[in-house]
There are 4 protein chains.
Amino acid sequence: MIRVGILGATGAVGQTFVRLLDGHPTFEVAALAASERSAGKPYREACNWTQDHPMPEAVRDLTVLACEPGAMDVDLVFSGLDASVAGDVEKAFARAGVPVVSNARNHRMDPDVPLLVPEINPDHLALVHRQDWGAEGGFIVTNPNCSTVGLVVALKPLHDAFGVEAAHVVTMQALSGAGYPGVPSLDALGNVVPHIGGEEDKLATEPRKILGTLSDGAIAPAEVTISAQCNRVPVIDGHTECVSVRLAGAPSAAEVERVLREWQSPLAGRDLPTAPERPLVVVDGTGPQPRRHVHLGGGMTVTVGQIQDCPVLGVKFVVLSHNTVRGAAGGALLNAELLVADGLVRQRAAA
Amino acid sequence: MIRVGILGATGAVGQTFVRLLDGHPTFEVAALAASERSAGKPYREACNWTQDHPMPEAVRDLTVLACEPGAMDVDLVFSGLDASVAGDVEKAFARAGVPVVSNARNHRMDPDVPLLVPEINPDHLALVHRQDWGAEGGFIVTNPNCSTVGLVVALKPLHDAFGVEAAHVVTMQALSGAGYPGVPSLDALGNVVPHIGGEEDKLATEPRKILGTLSDGAIAPAEVTISAQCNRVPVIDGHTECVSVRLAGAPSAAEVERVLREWQSPLAGRDLPTAPERPLVVVDGTGPQPRRHVHLGGGMTVTVGQIQDCPVLGVKFVVLSHNTVRGAAGGALLNAELLVADGLVRQRAAA
Amino acid sequence: MIRVGILGATGAVGQTFVRLLDGHPTFEVAALAASERSAGKPYREACNWTQDHPMPEAVRDLTVLACEPGAMDVDLVFSGLDASVAGDVEKAFARAGVPVVSNARNHRMDPDVPLLVPEINPDHLALVHRQDWGAEGGFIVTNPNCSTVGLVVALKPLHDAFGVEAAHVVTMQALSGAGYPGVPSLDALGNVVPHIGGEEDKLATEPRKILGTLSDGAIAPAEVTISAQCNRVPVIDGHTECVSVRLAGAPSAAEVERVLREWQSPLAGRDLPTAPERPLVVVDGTGPQPRRHVHLGGGMTVTVGQIQDCPVLGVKFVVLSHNTVRGAAGGALLNAELLVADGLVRQRAAA
Amino acid sequence: MIRVGILGATGAVGQTFVRLLDGHPTFEVAALAASERSAGKPYREACNWTQDHPMPEAVRDLTVLACEPGAMDVDLVFSGLDASVAGDVEKAFARAGVPVVSNARNHRMDPDVPLLVPEINPDHLALVHRQDWGAEGGFIVTNPNCSTVGLVVALKPLHDAFGVEAAHVVTMQALSGAGYPGVPSLDALGNVVPHIGGEEDKLATEPRKILGTLSDGAIAPAEVTISAQCNRVPVIDGHTECVSVRLAGAPSAAEVERVLREWQSPLAGRDLPTAPERPLVVVDGTGPQPRRHVHLGGGMTVTVGQIQDCPVLGVKFVVLSHNTVRGAAGGALLNAELLVADGLVRQRAAA
């Protein structure tokens, strides 16, 4: 077993890590760390558990540690830290020789840090060899923003088949994406908030890196122009995105649908525990809908539907992904599983 | 007082007519009509009242009539009929010499029927003189679909100032737009349904007629390419629309905002009771939001916000309008007020 | 005009005061006060306005003052202060000779402070003459907790007609009762929270004072045993309460319904601007429901329905009241109108 | 494997049977039956699947049959039929020698039909031997109404320890309890509906049978007076109930809590697949809440919290149960597992 720690273990993302790691075949939760306010308390007391499944027995009595490399005897850390502190803390762990699999935004756009979606750009993982933190074994790998991941999973097959020139995206994002306490209920119930700070920028930039090409050890961003309008809607889990794309060669909606249906994930056959059987599924009828499709593949499958010709840009469709699983802790977990499968994580000697 | 009848008075739109006409300075509800199932009953019994204000005393004891011209002694009818019957019933009233102000979709695209938004295309009202139903005084006037009206109010100033070449629209539409019983709660609560039958077509075609030019007694549609993706979200009242536009001359977001803020309604000074002081308001901050802005101007004001440059199409923004007021009964009521102000409705002799 | 100030003007209750006072025939908002953080700013900037109607023009540019008597030249203050500060601030105003009409809980149970619902215990107002703050004209009047007021309006006719021996109350309370930001959306959407801190105690004690008898200048509490279970439900405005009562003489549900329907408010004929025509209305069918009945009487009418025999306690029914209008700012406003009508507020000389 | 059929397989309860039976160790879905409208179609077409997990592959291509014993070659049927047809159809299967495990209300109060909750009254199963349908092996077993089951699981330990004399129950019931399409969203969103037809009667009568005593082959109902007020709230799954009880001997809340915490299910050690490890769990803090606790034990665990002294009746608490799992299909499934374990179901010869 690989012994893992969770940074920011009491927060919303940290709790999802705890839940998804419960019963994991490879990873064992050996340490939980959080802010000074929580450190020293048993997890069950430090944590305002807000998951809809009960707290795993195995972690209830773990003492919450400080987010310091010296305090944690682990082979790898998952970071669910808030961006206000993640940057420095993650660097400290990398410098101490600990692999950091982070969900925070701080290092995503660093040139040598992979912004990884295992089914989309597994080759970008090679970037970790360029990271030099001064300690053997230490590096940082990130997963994209929760609204980015559904988009890139849907765009990747189209980019390979045709070339995506431009994408216009309107998101309808779930409340859980704002963490806890997050959005006040008086702003959420029966309402749409057409503004999410910083989100439109992430959607415009992250896909360019993820869909980019690795050559000579650096990533050349994909030449895709992206415009995003981001909205918060009263949904618990599941980001829905209305996407219109301008593709090279102007294929029809039918051709686009065929490409999406026939796409094969490069992870097929690699048997990573969290990888869904099908990372991308085209649904019929009135889908995709959060209440119907967000749990597909354990929350790791991205669903697409409503594929139609768009008289303005060419083709349009709707994408749905689970923002706290595929778009956060589950995505990071899959990243870690790829790291292990690729031999980049080793069991470290006990302290 | 003008004596009005309401066709489809027990339905969701009909009830909104009843509510908005309560205490109206010009119109007096003289007759309520509905399907055979309701005819003969007092309104309070025939109607499953679902408005959030109580049923006006004045209509509680009115006997519901059949939807036949002979049965109703009125100067004008409002039609909140379902599209499955509206087409023929409305024709019958026009043939009997009764002005019909309809919210139904059936006659909207008829060449001689105005698709009217008083602040946008009041001149289109001249089309009624081309209608020949064989009886003096009878004609049909329609208002657009609930998702169209917010869009055209926002596009009109831009079309006049720059010329709108293309518009991409993603709607997040309220549940009340589907009538009653409408959307099952298990499909609505905590969900997004990315499909509304027929809606995307209406959004693509109706604005072209409304923004079109009347010349030689016919309307030349505006040359605007529109692509729409329509979603149902768990909001009671208020359609929110994310709009991106390609404008001639490629003005900046700042120029677009200035034009929207400075636009003057052609109704200004005409003192129609239902006309809001400002039909179009640009809001700051995190608006427009259904829970904050949908009641502006008694539900007749369209609000716009989030005006930004769009790297794909040029400029983008968010529009909000009240779908059952501005987008249905209130819009029709304003149409009728314009008809009266223009001398097109007269008090008919009692039967 | 009576010149009024609002303490805590930027909070949820304060904003409701501002909205309800807009266009009031007797009261003019002359001063807005809030915490030090807001003081000195124009109201439009200091306040995160969350009402569903726009901020009145008249207050947008008022400079927010500190909550100090010397800073405000007014004839009366409304207090929407948080309980953490209300106690001392309200005393300071009373000592300065300013009548305080408070929605805060701090002084509600003080022996000499009326806990006033004008239609229920207007005679309790006489208590103000027993208050001695050392300055002429200064006193404190309070209104009950938002969950108390609906209950006492329904119990009062029964207490007078039969005598209420015991009441069992289960509340389903709206989110707006928790203020802003209040309940996190992840706790509210699609959920019931069966605990509201301190609420059950208020419901058990406040009605005993309100239904109590004034004799020899003191209030003898009503001998009513009350048990409450309080729940938060995903409703914006409107507290629904399931009530079962044991009444002296064990009347039937039919008798109880007759008493409730025939009850006459002692305010009838006094023409207070905020008093609803009927403070208590019995509704038929599937009511009362927040979405159908909460706005009755401008939010000041309490509605009752589902009156049935209860095999355990005798009679049961359901009560609904608007928690931020009747249960907070509207209730306080009505209290102030009664004060003026009774000659207890005078126009003070300008400072 | 026991080969089972599902009656009413396309409805909401039927779909939940399909979902819960997917991968069951003992039961194999051999036949799906529904109304004439659906019969003859593949299940994937006949069924508007509304579960939040995808339709199991194994049933997608099954041809839907008519609800007739001759058409189905199975060892047992689950009935998710609507009450309008369940009565006669279930009798027909029993007469044909097929065990019927029904969720419908029709036969629940029949003297010889067990109204079974395996952890509460497993001995009542003996009633099946008194049923005489004229064919060997045929009988009917029912599970209680979705709002009854949580209540009886909480009352049983108290009834055994003290004796329950009276119970007052206020429910806050989930939308899924009304089936599909069920409650219109305009009645559900942001609303409470304080009326559910017939529900209060079921809550007043069913627990008396379930908590009753079997002697001389007949059930003597428990002498418990129950009063219920039933409300629909905007929750997807999970009925919350506020319960106050009068217990013989007037124990304190602390004694009640101890009894509930220490209660042992009579199923312990019997290893039924659907039986939760703990059918009754007392939760701390602000629970039980639908969004936090409804999935405990796979939806089969009933949770209790907020245990307090009640000045009116003695002790009060809050109960939560999953209405479509424990309160419907899951409860029936557990009933069937007990039938198999007790040797009451046999593999029938193929037709």
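Reply: **Where chain C meets chain D**

Let's start with one pair of side chains: D187(C) and R292(D) form a salt bridge, with 2.4 Å from N to O (a side-chain nitrogen of Lys or Arg within 4 Å of a carboxyl oxygen of Asp or Glu). Please keep in mind that this is a predicted model, in which local features need pLDDT of at least 70 and side-chain atom pairs count only at pLDDT 80 or more, while totals for chains, interfaces and linings use all residues. Residues are numbered from 1 along each chain as its sequence is written, chains are lettered from A and ligands numbered from 1 in the order in which they are written, and side-chain values use heavy atoms, leaving out hydrogens and water.

The interface of chain C and chain D has two salt bridges. Contact, meaning heavy atoms within 4.5 Å, brings together 44 residues of chain C and 44 residues of chain D. About 3400 Å² is buried between the two chains, 57% of it from carbon and sulfur atoms; buried area is the accessible area (1.4 Å probe) that two parts lose on being put together, summed over both.

Chain C superposes on chain D by a rotation of 180° with 0.0 Å of shift along its axis, at an RMSD of 0.0 Å (least squares on the C-alpha atoms of residues with pLDDT of at least 70 in both). Both copies use the same surface, since 100% of the contact residues of chain C recur in chain D.

Polar contacts link 20 residue pairs between chain C and chain D, both residues at pLDDT 80 or more. Such a contact is a pair of N or O atoms within 3.5 Å; within protein, one must be able to donate a hydrogen and the other to accept it, and residues adjacent in sequence count only if both atoms are side-chain atoms. Among the elements that give two or more residues to this side of chain C are α6 (185–188), β10 (225–232) and α9 (290–293); helices (H or I, at least four residues) and strands (E, at least two) are DSSP runs, numbered from the N terminus. The most comes from β10(C), with six residues. By class, this side of chain C has 24 nonpolar, 15 polar and five charged residues, where Ala, Val, Leu, Ile, Met, Phe, Trp, Tyr, Cys and Pro count as nonpolar, Asp, Glu, Lys and Arg as charged, and the others, Gly among them, as polar.

Now for the other neighbour. Chain C can also be laid on chain A, by a turn of 180° and a shift of 0.1 Å along the axis, with an RMSD of 0.0 Å. The two copies are therefore related as by a two-fold rotation axis. S185(C) has the C-alpha of chain C nearest that axis, at 2.0 Å.

Here 15 residues of chain C contact 15 residues of chain A, and about 1300 Å² is buried, 73% of it from carbon and sulfur atoms. S185(C), L186(C) and L189(C) supply 46% of the area that chain C buries against chain A, more than any other three residues. On this side, chain C has 11 nonpolar, three polar and one charged residues.
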